[in-house]
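Have a look at the model below before reading on. We'll walk through a few spots in the backbone, then turn to the inside of the fold.

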Amino acid sequence: CHTLEMAKWSFTSHSRAWESLINHPIKNSTKNPECIACHTTGFGQTGGFGEPTTSNIRKFKAVQCETCHGPMKGHPQDDGVHPTPITEETCIGCHDDANSPDFEFSKYLRLATCQSK
């Protein structure tokens, strides 16, 4: 549905989050739950996936729409389902001091946004 946003997202680092784990210098990052949580969508979350199986990784790899915008089950049929506004708190769950010491919300948001503007 959101073709332009999806196209723009496909050029962001979020779209390649899983690949960054594969290429990470620390071995077995793709098996570490702390790493998987930030490099996939919905791992260990209500309604998400709990086992990093090949099938789950294929479907949920990368930082997809719902990671930033919240669960959208029922969208667009349910008029009560709306995306969560993206705030700095949305990002610092993964972009904390340990993993993104140079994190600046406004700078990162411009690089990661899916908006067509």
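Let's start with Pro76, which sits in the loop between helix H5 (65-69) and helix H6 (88-92). Keep in mind that this is a predicted model. The peptide bond between His75 and Pro76 is cis, with omega at about 5°.

Next come two residues with a positive phi. Asn28 has one, even though it is not a glycine, and you'll find Asn28 in the loop between helix H2 (17-22) and helix H3 (33-39). Ala62 is another residue other than glycine with a positive phi; its place is the loop between helix H4 (54-60) and H5. Here they are side by side:

| Residue | Phi | Relative accessible area |
|---|---|---|
| Asn28 | about 65° | 55% |
| Ala62 | near 85° | 3% |

Ala62 counts as buried because its 3% falls under the 20% cut-off.

Now for the inside. Which residues make up the largest nonpolar core? There are six: Trp18, Leu21, Ile36, Phe43, Phe49 and Ile57. In soluble globular proteins, nonpolar side chains tend to be buried together.

If you skip neighbours within four places in sequence, Ile57 is in contact with Trp18, Thr40, Phe49 and Pro52.

Terms used. Residues numbered from 1 in each chain as written. Predicted model: local features only at pLDDT ≥ 70, side-chain atom pairs only at ≥ 80, totals over all residues. Heavy atoms only, no water. Helix = DSSP H or I, 4+ residues; strand = E, 2+ residues; numbered from the N terminus. Buried < 20%, exposed > 50% of the residue type's maximum accessible area, 1.4 Å probe, protein only. Core = buried A, V, L, I, M, F, W, Y, C linked by side-chain atoms within 4.5 Å. Contact = heavy atoms within 4.5 Å.
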